[in-house]
Amino acid sequence: MKHLLSTKDLDRDTAVGILDVAEDMADVATREMKKLPTLRGKTVINLFFEDSTRTRTSFEVAAKRLSADLINFTAKGSSVSKGEGLKDTAQTLAAMGADAVVVRHSASGAAQVLAESKWIDASILNAGDGTHEHPTQALLDAFTMRKRLHGEASRGRDLAGLRVTIVGDILHSRVARSNVWLLNTLGASVNLVAPATLLPSNTTGWPVTIGYDLDESIDADPDVVMMLRIQAERMHAAFFPNPREYSRQWGLDDERLSRLRPDTMVMHPGPMVRGLEISAGAADSSRSTVLEQVANGVSVRMAVLYLLLAGAAES
Amino acid sequence: MIVITGATLPDGTSSDLAIEGGRFVDVAGKGAGSRVIDATGLVVLPGLVDLHTHLREPGFEQSETVLTGSRAAAAGGFTAVHAMANTSPVADTAGVVEQVQSLGDQHGYVTVRPVGAVTVGLGGERLSEIGAMAGSRARVRVFSDDGKCVSDALLMRRALEYVKTFGGVIAQHSQEPRLTEDAQMNEGAVSAELGLAGWPAVAEESIIARDVLLAQHVGARLHVCHVSTAGSVDVVRWAKARGIHVTAEVTPHHLLLTDELARSYDSRYKVNPPLRRDEDVQALRVALADGTIDIVATDHAPHPAESKQCAWDEASFGMVGLESALSIVQLAMVDTGLIGWADVASILSRKPAEIGRLAGYDAAFVPGSPANLTLYDATVSHVFGLEDLRGKGTNSPYLGRELPGRVIATIHNGYPTVLEGELVDAAEVALAAQAARSSREMSQA
């Protein structure tokens, strides 16, 4: 694997393979010495054109646990904010000898453009491109689901038969897109729920069922309910009348929570807006996997970095 | 004097042509002392006329100049182009349009017809000096805010009415601005998957529907720029059936390319209006063949490399198209059997000239008519490359594609601008243009 740009490109065996390596990486975190020498001498650059402390930190921890040299190249206060474009930044990083670039960009396709350009030869790892994809988020979500389902017996398994409901701003969500493709590849079925304004107007080719009514979806007894964040800029652009109405119709409140099975997973990619898309009760309940997702994020990102950088050397 | 032997006319017959003093003359007895061009096996077309070109000068000379755009046009077989108004300063006064026209005259590769802005600075708030531009030496007849839509219904009504005074036309860039805020590509299955903000067909169709009704109400002439959707075709067809004075253009790229190309995130495919679905492409081809769409216009939109070497969202809209237009029309329309060369002559020469009120293109090849023509070899094909681009822009979506046809010669006002597939030297063309101007002035005196 040279790059990780989207989950749509992943076949089942590759995806399960990544999750299995992530299992090994998770074991490292339980040791007293949380570090492997695997990527010693490799340079990984966190190239973040958009602020994201959580994702950036997660990659940073992952790279360091594998003994790679990790350099943060953030847009704020750098030449990027002075008008330097993707091309010059990429060429600069190439000249510095980056082996992998973890890129977060507000433009959809930015990671693919980097990977297909002649500007830089490094492995490109998409850490979120616009409203397109966020593949490591979907991988860590799948890892979390698999772990809750199968525990120690997770290795080698996919998510066949799992029924996942994703709720919220599907239209602008790269997390939703990456999850739709990956969950489908892993054998899960996906139900999307949102007001029509926050769904793409044309979802031909999406392997999903779509509904507008969260209560119907809850009553259909899903195995996983994944809540997406509502971003502040949507509140004032007529996607819905006001936050109260959104919360009432598409928020996971305590009453809806109580109608879920005790072992139904409640997921959220974070950061959460408590009281809007998810109640405090739901976020903190035993069904919630929010903190597991964060922990698993490190393992999954270690696995991907390992496969991109060490795996490439072997093949 | 130039004699062209053995060329196949658009109607399929074969004939020799003679040119003298900038005009076609009777071929009988000509030959001695002439430059003879053997055109056996070539199609001879009337000089091509583009109603929609961005020459970028004044103001954006890093993208294109009147000279470089004129050379690209001549290389593509054009003898006249209409230069859009979105320059800096905007072509909204007599001074700017006269400057652009005179630059075109000096360089001489093509006749440059400036398009005047509808509103001051393309701001969409106040009418520009339309009458002054119409009455200037440039005699502007086409007015457009292209790049922006005249979205204010009242302003559009007034503009349509006002240009009636002197037989002008409003060429509308039909794009409802609120429905296309931050829009990046056609709204549909592909945009949903790629996470690129959608440019819905309804944003074009709703403006065309409004404008044809306004044109009907005030009895004015409307031209619809770069129609891109099947729904727009239906609206235009309906309007024509009602007798509304509407004409429409389609670009070569909308006749061939689809939004599937955006999957590469290669910003050479980013254009406004965006590439649409295959159903739209097919509907546009049928509409062009049946006359619902009147003409092909290039929307040649050169950009410097840095405007395209970036993420899709950050890239400029637009493609260059002058050099490839005829090949694309052959590929999409002629080789598919939808139209013949006589139709090509009509949609790329006679009708665009008629819409732009450009004289001299109504009776091609007839003795006495201005000698504007293109010799085209439709039998060859080659991989389109950077060496085929003669303007400053390299933002062509066809680089690396196999394209049919090749322009062998272009003759503008009686003198060659392209010979044996190569542009004639700029100084030589400028001299010939000057000589042609003085002889015209002498004959008028």
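**Entry 1. Confidence**

I began with chain B: its mean pLDDT is 96, and 99% of its residues reach 70 or more. I noted that this is a predicted model. For the model as a whole I read ipTM 0.93 and pTM 0.95.

**Entry 2. Where the chains meet**

I looked up the contact between the two chains next. I found 21 residues of chain A in contact with 16 residues of chain B. Which helices of chain A each supply at least two residues of that side? I listed helix H3 (86-95), helix H4 (110-116) and helix H6 (174-185). H4(A) gives the most, with three residues. I then sorted the chain A side by class. It has five nonpolar, 13 polar and three charged residues.

**Entry 3. Domains of chain A**

I turned to the domain assignment of chain A. It gives domain 1 as 12-133 + 297-314 and domain 2 as 135-293. I have 26 Å between the centres of the two domains of chain A, taken over C-alpha atoms. The contact takes 22 residues from domain 1 of chain A and 21 residues from domain 2 of chain A.

I checked which elements form the domain 1 side. Helix H1 (12-29), strand S4 (123-129) and helix H11 (290-314) of chain A each supply at least two residues there. The largest share, eight residues, comes from H1(A). By class I logged eight nonpolar, seven polar and seven charged residues on the side of domain 1 of chain A that touches domain 2.

**Entry 4. A sheet in chain A**

I traced an open sheet of five strands in chain A. The order is S7-S6-S5-S8-S9, with parallel pairing. Which strands are the edge strands? I noted strand S7 (208-211) and strand S9 (265-267) of chain A, each of which pairs on one side only. The twist averages 20 degrees from one strand to the next.

I then looked at one pair in the sheet. Strand S5 (residues 163-167) and strand S6 (residues 189-193) of chain A run parallel and are joined by five bridges. Within this pair, A:Thr165 stands opposite A:Asn191 in S6(A).

**Entry 5. Domains of chain B**

I repeated the domain check on chain B. It is divided into domain 1 (2-43 + 370-444) and domain 2 (47-355). The centres of these domains are separated by 25 Å, taken over C-alpha atoms. I counted 35 residues from domain 1 of chain B and 43 residues from domain 2 of chain B in the contact.

On the domain 1 side, strand S16 (373-383), strand S17 (402-412), strand S18 (415-419) and helix H11 (426-444) of chain B each supply at least two residues. The residues of that side divide into 19 nonpolar, eleven polar and five charged.

**Entry 6. Two helices of chain B**

Which residues make the contact? From H2(B) I listed B:Asp105, B:Gln106 and B:His107. From H11(B) I listed B:Ala426, B:Ala430, B:Ala433 and B:Arg437. The residues of this contact divide into three nonpolar, two polar and two charged.

**Entry 7. A sheet in chain B**

I found an open sheet of five strands in chain B, in the order S9-S10-S13-S14-S15, with parallel pairing. Strand S9 (142-143) and strand S15 (295-296) of chain B stand at the edges with a single partner strand each, so one side of each has no neighbour in the sheet. I checked the pairing of strand S10 (residues 169-172) with strand S13 (residues 222-224) of chain B: they run parallel, joined by three bridges. B:Ile170 stands opposite B:Leu222 in S13(B).

**Entry 8. Backbone details**

Last, I looked up some backbone geometry. A cis peptide bond joins A:Gly270 and A:Pro271, with omega about -10 degrees. I placed A:Pro271 in the loop between S9 and helix H10 (280-284) of chain A.

In chain B, the peptide bond from B:Ser88 to B:Pro89 is cis, with omega near 0 degrees. B:Pro89 lies in the loop between strand S7 (78-83) and H2 of chain B.

I also marked B:Leu122. It is not a glycine, yet it has a positive phi of about 55 degrees. Where is B:Leu122 found? I located B:Leu122 in the loop between strand S8 (111-114) and helix H3 (130-135) of chain B.

Notes:
Residues numbered from 1 in each chain as written. Chains lettered and ligands numbered in written order. Predicted model: local features only at pLDDT ≥ 70, side-chain atom pairs only at ≥ 80, totals over all residues. Contact = placed C-beta atoms within 7 Å. Helix = DSSP H or I, 4+ residues; strand = E, 2+ residues; numbered from the N terminus. Nonpolar A, V, L, I, M, F, W, Y, C, P; charged D, E, K, R; others polar. Domains from an automatic or database assignment. pLDDT = per-residue confidence, 0-100. Pairing = 2+ DSSP bridges. Axes fitted to C-alpha atoms, helices over the stretch in contact; angles between N-to-C directions.
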